Amino acid sequence: MKTRMSCSGVLFALLFMVGVIAVQAQSVNPQEILNQYISDLQKNPDDTALREKIIALALTMNPPPEVPAEAKRHMSRGVAAVEDAKTSDDFKDACDEFRQATTLAPWLANGYRNLAIAQDKARMYNESLASLRLYFLTKPSPSDVDWAEALKSKVEYRKEKAGKEAEAKAKESRPEAIAARKQSTFDTFLAGLD
């Protein structure tokens, strides 16, 4: 009899605790969670896992979170930087603006899209691919997915090409290659004396 009572008591306590936890979980507002995540991201803007969590949370919110005015301001500044860019360094200025926008509103699909474009133009290929990955997580429309897949292929091509060029330059700067060029120059000089 005591065993039944103690089991019933434990069962009641467990059910009570589950009920309390469920009520507490329901009382947590998604906007409050989002605000905390954003606050954490401000401290560590390179935390990709946290960005992914924020994007996933924002996709569940109805209505979706509002984009802060400061994020919109950085988006406009980034677009202006892209429009005025002439060199890869100019595109890096645009990247800085879009990074600010996506730190203030990490669920902002166009922020990652524009950031990926600017990073590609700045020859920051790994970063561009990472931004595209975050862009895909924002659940863009099918036509935007097609566009992003095409950009991803282009960035991968440019990255491979840049890697091959860097490898060729590295080979040219090896002591053996330098010695071979000097020897060739000397041989050409000697041939000219004959």
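Is Tyr135 buried or exposed? Tyr135 is buried, at a relative accessible area of 1% (buried means under 20%, exposed over 50%, partly exposed in between, with a 1.4 Å probe and protein chains only).

Before going on, a word on the model: it is predicted, so local features need pLDDT of at least 70 and side-chain atom pairs count only at pLDDT 80 or more, while totals for chains, interfaces and linings use all residues. Residues are numbered from 1 along each chain as its sequence is written, and side-chain values use heavy atoms, with hydrogens and water left out.

Back to Tyr135, which forms one aromatic cluster with Phe136 and Trp147. Rings of Phe, Tyr and Trp (its six-membered ring) pair if their centres lie within 6.5 Å; planes under 30 degrees apart are stacked, over 60 edge-to-face, and the rest tilted. The count comes to two aromatic pairs. Tyr135 and Phe136 make a tilted one, 6.4 Å centre to centre with 50° between the planes. Tyr135 and Trp147 sit edge-to-face, at 6.2 Å and 85°. Tyr135 lies in helix α7 (residues 125-137) and Trp147 in helix α8 (residues 142-172), so this pair ties together parts 12 residues apart in sequence. Phe136 is partly exposed at 22%, and Trp147 is partly exposed at 27%.

Now for a helix pair. Helices α4 (residues 69-84) and α5 (residues 88-104) pack at about 165°, their axes 8 Å apart. That makes α4 roughly antiparallel to α5 (angles over 145 degrees count as such). The contact (heavy atoms within 4.5 Å) involves residues including His74 and Met75 of α4 and Phe91 and Phe98 of α5.

Technical notes. Axes fitted to C-alpha atoms, helices over the stretch in contact; angles between N-to-C directions. Helix = DSSP H or I, 4+ residues; strand = E, 2+ residues; numbered from the N terminus. Parallel < 35°, antiparallel > 145°, perpendicular 65-115°, else oblique.
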